[in-house]
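Here is my note on the model you asked me to look over. I have set it out as numbered points, so that each can be checked on its own.

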Amino acid sequence: MRDTVDIQELVERRESYRSLEAPFYNSPDIFALDIEAIFGRNWIFVAVEPELPEPGDCVTVEVGGASILLLRGDDEEIRGFHNVCRHRGAKLVDEKSTTIGNIVCRYHGWTYNEDGELILAEHMGKDFDKSCHGLRPVHVRSVAGLVFICLAKEAPGDIEDLAKTMEPYLLPHDIRNCKVAFQSDLIEEGNWKLTLENNRECYHCEGNHPQLTVPLSEFGFGFSPDEVDERRSADVAKYAEDVKANHARWESCGLPSAEEEHLSNVTGFRTMRLPLMWEGESHTLDTKVASKKLLGDFTDAKLGGLSFWTHPNSWHHFMSDHVVTFSVLPLSADRTLVRTTWLVHKDAIEGQDYNLDNLTQVWTYTNQQDADLVRLAQLGTRQPAYRPGPYSQFTEPHVEAFCAWYIARLGDHFAKPNAQMAAE
Amino acid sequence: MRDTVDIQELVERRESYRSLEAPFYNSPDIFALDIEAIFGRNWIFVAVEPELPEPGDCVTVEVGGASILLLRGDDEEIRGFHNVCRHRGAKLVDEKSTTIGNIVCRYHGWTYNEDGELILAEHMGKDFDKSCHGLRPVHVRSVAGLVFICLAKEAPGDIEDLAKTMEPYLLPHDIRNCKVAFQSDLIEEGNWKLTLENNRECYHCEGNHPQLTVPLSEFGFGFSPDEVDERRSADVAKYAEDVKANHARWESCGLPSAEEEHLSNVTGFRTMRLPLMWEGESHTLDTKVASKKLLGDFTDAKLGGLSFWTHPNSWHHFMSDHVVTFSVLPLSADRTLVRTTWLVHKDAIEGQDYNLDNLTQVWTYTNQQDADLVRLAQLGTRQPAYRPGPYSQFTEPHVEAFCAWYIARLGDHFAKPNAQMAAE
Amino acid sequence: MRDTVDIQELVERRESYRSLEAPFYNSPDIFALDIEAIFGRNWIFVAVEPELPEPGDCVTVEVGGASILLLRGDDEEIRGFHNVCRHRGAKLVDEKSTTIGNIVCRYHGWTYNEDGELILAEHMGKDFDKSCHGLRPVHVRSVAGLVFICLAKEAPGDIEDLAKTMEPYLLPHDIRNCKVAFQSDLIEEGNWKLTLENNRECYHCEGNHPQLTVPLSEFGFGFSPDEVDERRSADVAKYAEDVKANHARWESCGLPSAEEEHLSNVTGFRTMRLPLMWEGESHTLDTKVASKKLLGDFTDAKLGGLSFWTHPNSWHHFMSDHVVTFSVLPLSADRTLVRTTWLVHKDAIEGQDYNLDNLTQVWTYTNQQDADLVRLAQLGTRQPAYRPGPYSQFTEPHVEAFCAWYIARLGDHFAKPNAQMAAE
C-alpha cells in the first residue's frame, strides 16, 4: 500500500545539515515505516529494572502498534513477550504494571508460564498441540539496569559494544538498587523525531529552560567561535579549565569522564559528563541534591551530571543522588509519548530523605517547555511553506547525527526489507 | 480505491476453524467492504415493532453510512426509506424516534407522504416533476414483531424460510403486545465481527459472566469429552435427561423446542430452547421473573429461555416474562454499537409489575463484560504479533459458522459485485 | 497519491442546476484539492483592518494547512507572511492576535523584521547567508478595509475590478474608522461548500431564520411566478415599487444601489442593496439601529442593508450603524470555521452607544440555525442514497453560480496544475 518508491527518493535526496522534508514529520505512511524499520528493528529503551524488582513483577509497554509484556521470572531474569493470546488474540495483561503468577488470558483462561509456554487450554480436544502455541518472545537486554528490547528476529549485535562501553559509567550509580520515585507520561503533539531532534541540542535551552539552565554553563553545548568577543573568550577558557579540573577529580574517584560518541553505530549512543556550575550538585531548583541518600557508594554530592543518549528513543541523566530516564514512544505521526522516570536510592524515604516536588520539578518544567516547542515545530512542518532549514554546525551537530542515523537505518531497510520480527 | 485483489486473496486463503486474519478486524477498506457486501445486502435486524406502535410513529437507525427512516403508516404497515431529502440531500428526520404526519424536510420544506411520494416542493417551477423525486425505499420485513430491513435492490428471499421456521417459536411471546421497557446503546471498542464472535460462544462465560451464568448449566454450551471424568460424566448425563424432560414439557404446552440451525443460509439463523437450572425462571439476579405480567397467554413462569441468533447482526432471548433483543451496528473498523432492548407485556406497569433495575441488570452487566472482552480482542488483533488462532470444535463451532458465513458472503460479493442497493 | 483522473471526471460530468456529487462534500482527496486549487490560488477574505489598527499589530489566520501572519508595519501597510521559521520550521506567532516589534522565533531566537528579512540568527557561523532565509511572503489586498490574501505565486489580477466596483459601495461605511465590537468563531459540521451554498440562497430563510427575516420581504430572494396568485401579485408589485423608491433615495444620498453581479470572474463577487421593511433600520431583534453612533458621515439610520458576497469564502452586511463580515475557513472535508466579526464606529462606547447582546443577537441565532442546516446537509450527502438534486431557477441561482464557479476553478487547475504558491 505504502508508496515505498516515493519514500526511498525522499531518503536518498536528504541533504545533510538540514532538517528533514515535511513528510518525515507528517506522513502516516512514513510513520508506519518508522514503526517497522526503526522501532521494529533496533534496540528500544523501555523501562528500568526497578519497575519490576521482584519475581512475578510485570510491566507492559506499547512500542508502535505492539504491546510488550516484560516479566521477571523466578530466576530473576526479565523476559519479554508479545502481549497477545495465541487463541483468539486477546491482549493478555491490560494493566501497565502488575504482579502475576502465570500469564492467564481473561478471555478463555488459556495459561502460559514465565517462559511463555502454553500450559493450559481447556476444551481444545486431545489432538491439540500446546507446544505450538507459546507466546512470541522479544529480545531483552538490561544494561546496568536500563532495559532495552528489540522486536526484530535478529537483534543488532552491537548492543554489546554499548554495554561494554557504558557499564563503567553507569554501574557506580547502581540503578538496580534504586526505586522508582515517580514516573510521568507526557504526550507531545509532534512527531517522535521532533522530540528527539529537540533533545539533541541545547541551542534552545537559554531561551526556553530557565530552571534547567541554572547550573549549566552557556558554553557547555556549543557556540559559534566568531561570535565570541574578547571578554567571552576569557570565559570560554575559564570554562574549559573548569571542565578539565572536574574530569581529573572524577577520574580520581573511579568515575570515567571521557566523552564517548558512537552515534553512527546501528545501536548508536553517546555519553558525556558535565560539571554543574557554581555550587551545583543536582538538577533541582536550588541545584542541591534532591535526596540525602546518595546512590551506590557515593559520598560526594558534587559529581556533576552524566548524560547518556541512545538512538532512537532515549536519554538519561545521572547525578549523585538521583537518575532521570526518558523513553520516547511514538503514538502517531504527530503524537509522541515521553515517559520520564525518576529514580532514587531504594532506601531513601519520601518526606524524609527526599521531597517528590523538589526531585521532579526541574524536568517537569523542562518537559513541558520542550513539549510546547515540539508542538510549534510540528505545527510549522505541516504547513505548505515549510522547507528543510539549516542546522548550525556548532550547536546542532547531534541533531544532524540523529537525522543521519535515521536516514541510514531507512537506507538499510530498503536494502534489506525482509528482516522480519521474531513473531513471524 | 480499495485494493480488492488483496482482500480477495485474504478471503480465499481463510482457514476454517481459525480466527480471521488481522485486516478483517482492522482495515478501513475491509470495513467499507463489510458495509457494502454484508450490511448493504443482507437482512439486518434493526428494531422491534413496539418501538413504533402507532400510525405516524417513526424511528431512525444508522446502518453503516446509511440513515434509515422507519414509519408506521395509517394502514399499520411499517415502511422504510433512506432518510435523505431528494432536493439538496439534507437528513430528514434527525431524531432517533418521533411521531410525524408527513415527512417534512426542515431545510426548504419539501414534503413527502407516508409512501415516500413528494407532495410539496415550493419554487421549483411548473416544469418540475415531483413524481421523479420520491424517497428511496428499503425493504422491511417484520418477523413476529422483530423488524428486519434490507438495503439491497433485491433482498435475499430466504427471509421467508426464517419467518416460517421461527414464527411458531416466537409468536407465543407476543412481541406485538409488548412495550419497550428500556433500550441501551453501548459502544464496544472493537470490530463488529469480534462482537459477533464473542456472542457465538459461551466458552468465555464461566470466567467472565457471573450474573448471566447463575441459572445456566456448564454443559449447555459445549465441552471437550476427553476432559470429562467419571464424576462429571454423571453430571452430563443428568443434564441431558433434564433437557429432555423440559423439551417434553414445552412441547406439551405448544412451545416448539427442537434446535433449528440454518447457519449457512444467506439469511442464516439458529434457535435453541434451554432450561434455566434449579428454580430459574428468567435472566434476573435472583433468577425469578422480572415482570409479574407474563407475556402472551403464558401462565407458567418456568419456561426456560428461547434463544434466537441471526446472521449478521442480532441475537434475542425470550423468557416467560420478558424479551431481550440485541442489534449490532458497525460504526468503524474498531467501534461497534450494541443496541439492547428489553420488552415486557404492554400492560405491565413499572414499579408495580416490574422493577427496571431488576429487569435490566443481568444484561447490563453482561454487555459491559462482553464489551471489555471485545476491547481486549481488538487490542490484540491490531498488534503485529497477532496470528489467527484455533477455535475449539467443542465450544466454538458457532464462531466458526459465523466466520464461514461471513467469508461465503464476501465470496458471493466478489463473484457478483454489481448487485446494487435499491437507491441506485 | 490523489486519484486526479477520477476527480477530473467528476468535474467534467457535473450537471448544472444540480447539487454536487457526494465526493465533493466528503472526500478527503477533494478536500486537499480544494485547499490547493481554491484556497491556494484565489483571493481569500481573512480579516478586517480594525483587527490590526496600529503598527506592530499582528493577527494570524489558518487558511487550509497554512498559518498566515498579518503584520501592520511602521509605514501603516499590512504585510503577510507564512508563519513558519526558516530554521527548523517552528510556527512563529502562536497567538491569534498580538502586538510585536520584530518577529522572533521562540525556538532558537531567529529574528525577522517587518519586511520578513532575517536579521538575527545566532551560532550559524560566518558563512551563513541571512538574506536567503527571509520569511515567505503572501499577497495582501485591502479593499476599503476588508483584508484579502492570496497564497498563489501570482494572484488573480481581477481583484482590482472588484476593488474598483466595490469601493464606492463600501467606503461610505468607513470600515477603517470602525472597531471590532465582537468576533465569534463557529465550527460548522459540514463541508465548506455546504456553508457557502447555504449562504447563497434565502429559500431556507422563512422556515429557519425567524430573527433574520423580521425586516425582510419574502419577495427579496426570488420566488416561482406560477405560485403567485392575484392577491400576492399585488404584494409583489408593491414590493417592486418600494425597492425602486428606496433606490432613488439612496442614490440621492450618494449611495450606489445598482445590483452588481460578477460571479463568473475568477475573483467573483456580487453586491445588492435591499430595503429593510416597515420601520426597519438594522439587523437587530427590534430592527432599530444597534449603535447610536452611525458609521462614516451617515445621519440617516434608515439606509437598508448592503450585502456583498465574494467567491469562495465571504459575505458581508453593511448597515447604517454596523457591519457584519463572515469569513469561511475550511478545517477538513466535514468541518468548517465560520468567523463572524461585528464592527461599529470606533468612537462608539459599549453600554452607552451600543449593547453587545443587541448588536450580535440576530446573527448569533442565524449562524447557529445555519450551522444546524449545514450539519443536516452534510449528514445527508455522506449517505449512500444521496444523489445530486435539482436547484430552483427562481430561488437558487446563486447557489448554482457558486457551484459553477467552483467547478470552473477546478477545471482551470487541471488545465494548469503547476501554478505554485509564492512560497515555492
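This is a predicted model: local features need pLDDT of at least 70, side-chain atom pairs count only at pLDDT 80 or more; totals for chains, interfaces and linings use all residues.

1. On symmetry, chain C is superposed on chain B by a rotation of 120° with 0.1 Å of shift along the axis, and the RMSD is 0.0 Å. That is the relation of a three-fold axis. Chain A can likewise be laid on chain B by a turn of 120°, here with a shift of 0.0 Å along the axis and an RMSD of 0.0 Å.

2. Between chain A and chain B, 30 residues of chain A are in contact with 37 residues of chain B, and the area buried there is about 2,700 Å², with carbon and sulfur atoms giving 54% of it. On the chain A side, the residues that lose the most area to chain B are Arg88(A), Tyr107(A) and His123(A), which together make up 29% of what that side buries.

3. The rule finds 18 residue pairs in polar contact between chain A and chain B, counting pairs with both residues at pLDDT 80 or more, and the side of chain A that touches chain B has 11 nonpolar, 10 polar and 9 charged residues. Across the interface of chain A and chain B there are 4 salt bridges, one of which joins Asp94(A) to Arg375(B), with the closest N and O atoms 2.5 Å apart.

4. Asp94(A) also meets Lys91(A) of its own chain in a salt bridge, at 3.9 Å from N to O. Lys91(A) is buried at 8% relative accessible area, whereas Asp94(A), at 28%, counts as partly exposed. These residues belong to a network of salt bridges that links Glu62(A), Lys91(A), Asp94(A), Arg106(A), Asp372(B) and Arg375(B).

5. The interface between chain C and chain B takes 36 residues from chain C and 30 residues from chain B, and buries about 2,700 Å², of which carbon and sulfur atoms give 53%. Here the count is 4 salt bridges, among them the pair of Arg375(C) and Asp94(B) at 2.5 Å, and 19 residue pairs are in polar contact, again with both at pLDDT 80 or more. The elements of chain C that give two or more residues to this side are helix H5 (192–199) and helix H8 (356–381), and H8(C) gives the most, with 8 residues.

6. Arg88(C) sits in the loop between strands E4 and E5 of chain C, and Glu396(A) in the loop between helices H8 and H9 of chain A. Arg88(C) counts as buried at 5% relative accessibility, and Glu396(A) is buried with a value of 0%.

7. Within chain B, Arg339(B) and Asp185(B) form a salt bridge at 2.8 Å, which links strand E17 to strand E11 across 154 residues of separation in the chain. Arg339(B) is buried, at 8%, while Asp185(B) is partly exposed, at 38%.

8. Finally, in helix H3 (residues 28–38) of chain B, the buried residues include Ile30(B), Phe31(B), Leu33(B) and Asp34(B). The N-terminal end of H3(B) is capped by Ser27(B), which has a side-chain oxygen 3.1 Å from the backbone nitrogen of Asp29(B).

Conventions: Residues are numbered from 1 along each chain as its sequence is written. Chains are lettered from A and ligands numbered from 1 in the order in which they are written. Side-chain values use heavy atoms; hydrogens and water are left out. Copies are superposed by least squares on the C-alpha atoms of residues with pLDDT of at least 70 in both. Buried means under 20% relative accessible area, exposed over 50%, partly exposed in between (1.4 Å probe, protein chains only). Helices (H or I, at least four residues) and strands (E, at least two) are DSSP runs, numbered from the N terminus. A polar contact is a pair of N or O atoms within 3.5 Å; within protein, one must be able to donate a hydrogen and the other to accept it, and residues adjacent in sequence count only if both atoms are side-chain atoms. Contact means heavy atoms within 4.5 Å. Buried area is the accessible area (1.4 Å probe) that two parts lose on being put together, summed over both. A salt bridge is a side-chain nitrogen of Lys or Arg within 4 Å of a carboxyl oxygen of Asp or Glu. Ala, Val, Leu, Ile, Met, Phe, Trp, Tyr, Cys and Pro count as nonpolar, Asp, Glu, Lys and Arg as charged, and the others, Gly among them, as polar.
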